[in-house]
Amino acid sequence: MNILVYLEASSNGLKRSSSEALTAARSLADGSGITGIMFNGTPEAFSAAGEYGLQRCLNINDNFIEHFSNSLAAVAISEAAHANGANVVIMSATATGKDIAPRIAVRLQAGLLADCIELIPTGETVEAVRPIYAGKALIRVKPDTAVVVATLRPNVFTARKTERTSVAVETFSFASDKDVRTSVVIRTSQNEGTMDVAEADVIVSGGRGLKGPENFHLIEELARSLGAAVGASRAVVDAGWRPHREQVGQTGKTVAPSMYVACGISGAVQHLAGMSTSKVIVAINKDKEAPIFKVADYGIVGDVFEVLPKLTSKISAVTGRH
Amino acid sequence: MNVLVCISQVPDTTTKIAVGPDGKSMNPHGVKFILNPYDEFAIEEGLRIREKFGGTVTTLTVGGESAKEILRTALAMGSDSAGIIKDEERLDSYIVASSIADVARSMSPDVILFGRQSIDFDSFAVPSMVAELLGWPNISMVSSLSIEDHSVTAERDIEGGKETVSATLPCVIAAQKGLNDPRYPKLPDIMKAKSKVISEHPKSSAVRRVDVLDMKLPDTKRLNRIFGESDKELDEVVRLLHEEAKII
């Protein structure tokens with residue numbers, strides 16, 4: 001198996017989702033035959049990749065990263081896969097990964113295994129398990145092709161460091177098509193200082209039980225004590241209490257954090273669709289019949305206005321976060 | 001400006017999924033099928049583009065005979081014409097994308113609109129694949145869109161924020177919630193849509209690239225430990241999260 005892993009740099013190293021992809025690749029290939037690929041990789045990012053056992057990384061130095069084009073990124077990664085004889089291309093199913101993986105699969109005449117939650121090595125290639133119908137069923141899929149492209153659902157694969165390796169960085173140039181280059185230009189406007197629910201390891205979500213936007217400080221305080229991101233149910237997003245980017249569920253984001261705390265959320269099917277694969281689920285609701293309790297590991301039947309402040313101070317006492 | 005809107009028919013969100021007798025697909029018995037929720041945003045955006053620039057809106061789906069129902073919904077909302085590519089299985093996103101790309105080549109629309117994902121297979125794959133097959137740019141997760149001259153500028157959702165992307169036409173757009181408020185079809189239009197002709201297009205001869213080996217229901221066992229709101233019980237919850245779940 002010859003694996004190419006697309007890695008996304010973050011401001012201080014590597015995105016965690018990329019560390020997860022590297023760890024998954026390592027467990028497939030026993031550490032050998034893995035090449036990374038980055039766009040305008042930084043020394044911090046290469047060094048971080050070394051902590052996850054990467055020994056060789058292709059770097060594409062091109063100012064198109066400032067005007068990132070998904071079609072051009074797909075050309076670059078496909079050419080790198082081809083030039084290196086990679087038969088497995090892996091990346092995280094981030095906004096970028098989901099966008100470029102299908103293009104790469106078309107270019108490489110490869111089967112696309114999308115949003116995988118498990119990779120199973122089968123000799124020279126891989127099979128995968130992936131959720132469908134919003135996680136209500138799982139299918140095992142197998143490529144019918146010599147080359148396979150797999151995207152991994154973020155937060156499902158554990159990122160495990162290994163003995164640090166030094167990463168040999170090679171510049172990779174590719175034949176770009178100017179027409180493609182000019183077709184997409186991007187300006188990013190990150191929401192400063194907020195953690196995204198799709199990337200968070202712990203999420204505290206609030207629903208209609210909070211009774212109004214002015215009470216969401218209770219959610220924010222609990223989130224701070226846990227180092228968590230703030231999420232929201234569809235009801236409160238539709239009501240304009242919280243921004244859409246925080247919405248968890250069918251028309252929002254699908255998340256799979258280590259812990260999901262649902263506060264004043266009844267647990268409509270659409271909400272469960274977005275969070276039911278979380279590792280540990282805690283629910284706080286005053287209605288003991290609320291469907292959210294059926295998927296909860298730890299349920300607290302009580303008034304969120306009573307429970308949240310108490311729970312926050314008790315958790316702060318353990319975590320030291322305030 | 002000619003727009004092609006690609007939509008799909010999916011099981012209703014509240015459907016309880018059961019594995020069918022073949023062991024690798026859903027048992028369709030008793031399942032209610034609906035228009036994929038994100039596709040409503042795509043249809044609405046297509047209609048708005050036509051209202052602004054003139055031209056036509058064609059709606060296309062890939063599926064079995066019953067999928068014609070969602071095309072009638074699109075026609076009732078205001079789509080000019082509708083077509084279906086007959087493919088009952090619809091399991092391989094590459095074949096679906098190839099079939100759509102074939103129709104797109106024969107129509108040469110200026111914009112192809114999709115919902116951001118189909119909520120059955122959740123692959124997020126078909127829009128980007130169609131764009132790659134056609135050699136067009138694509139923008140996914142679009143929550144705001146404007147078209148001027150021969151380019152589009154769109155805002156899309158990414159982790160931790162939004163980014164603004166511009167692309168040349170023709171272009172593939174995948175609609176996210178927030179792009180618009182889809183209109184409800186009016187009763188007379190629903191009646192009229194029933195008698196409209198739906199054209200049929202051949203399925204692509206592309207070969208399957210991914211095979212489904214089996215389907216199962218997830219193991220959803222949860223601890224289901226329920227506590228009250230007393231101090232003592234909350235202390236116990238925190239202790240369990242710390243010592244048992246080892247999560248804090």
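Student: Where is Asn155(A) placed, and which strands stand on either side?

Tutor: Asn155(A) sits in the loop between strand E11 (148–152) and strand E12 (168–171) of chain A. Helices (H or I, at least four residues) and strands (E, at least two) are DSSP runs, numbered from the N terminus. This is a predicted model, in which local features need pLDDT of at least 70 and side-chain atom pairs count only at pLDDT 80 or more, while totals for chains, interfaces and linings use all residues. Residues are numbered from 1 along each chain as its sequence is written, chains are lettered from A and ligands numbered from 1 in the order in which they are written, and side-chain values use heavy atoms, leaving out hydrogens and water.

Student: Why is Asn155(A) called buried?

Tutor: Its relative accessible area is 7%.

Student: What makes the phi of Asn155(A) worth a remark?

Tutor: Phi of Asn155(A) is positive, about 75°, although the residue is not a glycine. Most residues other than glycine have a negative phi, and most peptide bonds are trans. Met141(B), in strand E7 (residues 138–148) of chain B, also has a positive phi, near 55°.

Student: And which peptide bond is cis?

Tutor: The one joining Leu169(B) and Pro170(B), with omega about -5°. Pro170(B) lies in the loop between strand E9 (161–168) and strand E10 (171–175) of chain B.

Student: Why are Tyr133(A) and Phe121(B) called a tilted aromatic pair?

Tutor: Take the definition piece by piece. Rings of Phe, Tyr and Trp (its six-membered ring) pair if their centres lie within 6.5 Å; planes under 30 degrees apart count as stacked, over 60 as edge-to-face and the rest as tilted. Here the centres are 6.0 Å apart and the planes 40° apart, so the two rings form a tilted pair.

Student: What makes Lys98(A) count as lying over the ring of Phe124(B)?

Tutor: A charge sits over a ring if NZ of Lys or CZ of Arg is within 6 Å of the ring centre and within 35 degrees of the ring normal. Lys98(A) lies over the face of Phe124(B), 4.1 Å from the ring centre. Arg209(B) lies over the face of Tyr94(B), 3.5 Å from the ring centre.

Student: Why do we say that strands E16 and E17 of chain A pair?

Tutor: Two strands pair if DSSP finds at least two bridges between them. E16 (residues 259–263) and E17 (residues 280–285) of chain A have five bridges, in the parallel sense, so they pass. Met259(A) stands opposite Val280(A) in E17(A).

Student: Which strands make up the sheet around them?

Tutor: Six strands, in the order E15(A)-E14(A)-E16(A)-E17(A)-E18(A)-E13(B), form an open sheet with parallel pairing. E15 (229–232) of chain A and E13 (225–227) of chain B are the edge strands, because each pairs on one side only.

Terms used:
Buried means under 20% relative accessible area, exposed over 50%, partly exposed in between (1.4 Å probe, protein chains only).
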